[in-house]
Amino acid sequence: MERKAFLDQEPPPGYVAGLGRGATGFTTQADVGTGRIVPASFSDEESDDEDFVDDRFKDADETENGLSGFKEKDDSDNEADQVFAEIEERLKRRNKRKNEVQEDEEPLDEIKKNFQELKKNLTSISEEEWFNLPESGDLTRKNKRARLEEQQQQRFYAVPDSVINGVVADTMETSNSIDVTKISVAKDRLLGLRLDEQLDTEGNDVQEYLNSLKEQEDFSAKFGDINRARLILNSLRKTEPHRGSSWIASARLEEQSKNFSKAKELIIQGCKMCPRDENVWLERIRLNKTTDTTLCKIIVTEGLQYNIKSVKLWLQAIDLENESFSRKRILRKALENLPSSVPLWRRMIEEESSQEEKLKLLTKAVELIPDNSELCVDYIRMEQKHNLERAKLFLKDSLTKIPQSVDLTLLSCEIKEYEQFLGGEPTSTEKLSIVFLDVLQSLKNQDKKLTFKEWLKYCEEYEKKGEYKNLVKVIIENTVTLGFEDVPEPELVATVNKIAHEYEGTELARLSSLIYYALTEKFPLNSSAWKSFINHDKSGIEDRFEKCLDKNPTWVEFWISYNSTLLKNGNIEKAREVLDRATKHNPRDPKLIVKSIEFCFNGPNRTESLELIEKGIAKFPELKIFYIYKIKVSDALKTSSNMLLQICDDGISKHSKAEEMYLLKSEILIKGDDFDKARTTLEQGITNCSQSFSLRLKLCFLDEFKMRIITRARTVLELAVTEIKSDLTWFELIRFENRNRSKEDAQIVLSKALQKHPSSVLLLILRIQFEERTSKRRNLYIESLKKTNEDKLLVSVIAHNLWRRDGKPEKAFKFFKQSLESSVENGDILSIYYNFIRKNGSPEQLQDFWTTVDKIDKDQLKKGYYWIQETQDLTPWKQTDEMIENTARKLDNDLIYT
């Protein structure tokens, strides 16, 4: 252990060890010397001599042997003598120091008397000196107090037997541990919420009282800082008495501490010490403005005597007047002293109500201040309504003086649009674009380059005023790429689309439409720009589709989307025409043939769709999609089962690796109750498509539900788990065990599955659904959301549990909104939300849901456990709303997915 440094240092004067623990001090024999009484014969004058040695105690002569018989000392004797000499010397120093301290110390009674006098003198010190007294620092009890306060703040709860049993059980299974600390924290939160609710019920008086207590706490916390600030500012005022900022800071400090009289006294002194500082006078006016307006007028008058050129003081004097006549009188006097002040001229113009008087004042102002762009712009805008030619001449002259002013250069465009309006010219933007391009060039020559966002600010001002609509369009079209010169095209389009989206639904919604249009003009081959432009508004959507497809006739997806939009609007004839035009431009695209087949199937003549399918098979024999639709359409047209099986066999012979062929054939056989042949077909499909999960699932359902051979069904799933490395196989095996054995067996399989797939959304959903305890389920929510990065399907399942299992529909609605915020690709999410909204929502909310569904492209919904099963049956081209309702029926229970 390292020796402490203070042990080798000199103790302070008067130090007595252990005094703080109650010791009174003591002396030892070593402190006072030997206790023997010295005989008088030895206490003579000679004994005072330090060198005196009694003869009786002299050592034997060197020639004598002494008692020991030794003639001389050895080395060990010399070393011992030296050690004892050092000890004696140290003891002498110690005794000497102790005697000196005792002489310097005052008697205890004298100390008490002095302390009493000091305490009496405390009554005469000032408040400032009192707060500057140092803290005593009760170090002995400080830690004890802190410990007691901490114990008082702690709360302890009785732990129920269920938690204890859960902890005991969890020691056997470490994967599901109960966090007792979290339970305690949750109870604290619950207690806090109940207290908050109680406070809310007691009215606003309680809240006001709590706010006042908080203000007192804040003030007491800052009190030490305020006093230190007072000392610093006091020192500053003494060292630099003519510095106005010190007086202002001192006054504001007193104002902050609610000492308003002291603040006013300080600022009055500041005005005396710094009469030429306008800010000191303004601060004095501010402090008195709410209480005494007359005094403020006197103050501003006195301040202007010292600061006649202060624009701020003149404006303050104007603001203190209530009558327009008085304000004008002060303004005239101010302009006599400050004829070149722009704020004063602008204020003078605002006070006038007549347009003619305003024009006269502006004329005078621009004569006196010809280099101010704001006044010039105001004058030109007003003058062009009275004399357009004079306004144009003045603009030309002003641009020579202030060529870098953006507002002045834009005036040339404003005048051009105003001329077109007066002349009754058609609303063409070509001439206006030429003028604006000249504006951009002139600004570029002056090294003045504005970005697109900066130009948008000018457009916002015009749009709010409802003026110069053509100019707004021209500005956006010609500046949409400014500031993005080094940005790649996809990133530029995405950024500008985001800017345009921010204007949607606001009073400036027209700007979003103009921005989208400008992007399509700059990047006519960018599909993202066209998609945003087409879909941002329903009105005029057909015209936007036509513009897009005129420039990009090979964009098949846009043709299909255009056709779907027309069908939704009930315009069937035009939808057929669009398909014909699309096929003409893209004769070799199979998507258009499939769309034509769907169009014919949903029309009055369904047999025509079979003819188109045959054409598709002839054109694209390598595509399985036409055989799939041939089977589905033939089944919908009530074709005989033998004929359907023959079509399936033809499809399998051409596409033996297509799992859909085996699924459809087995579905036809199951409908005819030929289970053995259906099983043989599925086994054939598994042989040819070894990684197909859908075929194994179909085979398992056949064995379990149709043939009632549970053991064989389990074998199918166990083989799938070993051969297909997917969480879906484990998911089905767990559900199978839950159906046919017990929940405990299913949970054992779930634990194994989570070891292999710890971030699987479906497995984590099962883990949540199997948990019956609400508190434990909440912990699983948080853990699962972290593992899956807040997967939307998981959020929907949590919302469903909050509704069905916890009885909290309001909270569930917030979770559902989060799952539907961005684009949805999982059809199960829509179905779960549909179940909730049709039972808990209003008719308006249900209508909003279907409106949202209409905006979703059906091809976008490619995920979902039950959604995918819905697409694999024999019914072709189901509508989205029909699929949502069918899937919702499968999910309409408390423990979905189990």
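Biologist: What should I know before reading residue numbers and values?

Modeller: Residues are numbered from 1 along each chain as its sequence is written, and side-chain values use heavy atoms, with hydrogens and water left out. In this predicted model, local features need pLDDT of at least 70 and side-chain atom pairs count only at pLDDT 80 or more, while totals for chains, interfaces and linings use all residues.

Biologist: How many helices and strands are in the protein chain?

Modeller: Helices (H or I, at least four residues) and strands (E, at least two) are DSSP runs, numbered from the N terminus. The protein chain has 46 helices and zero strands.

Biologist: Is Q384 buried or exposed?

Modeller: Buried means under 20% relative accessible area, exposed over 50%, partly exposed in between (1.4 Å probe, protein chains only). Q384 counts as buried because its relative accessibility is 5%. Q384 lies in the loop between α17 (373-383) and α18 (388-401). Of the 898 residues of the protein chain, 36% count as buried.

Biologist: Which residues does Q384 touch?

Modeller: Contact means heavy atoms within 4.5 Å. Leaving out residues up to four places away in sequence, Q384 touches A391, I415, Y418 and Y468.

Biologist: At what angle do the axes of α44 and α46 cross?

Modeller: Axes are lines fitted to C-alpha atoms, for helices over the stretch in contact, and angles run from 0 to 180 degrees between N-to-C directions. The axes of α44 (residues 843-855) and α46 (residues 880-890) come within 10 Å and cross at roughly 120°. F849, W850 and V853 of α44 make the contact with T880, D881, I884 and E885 of α46.
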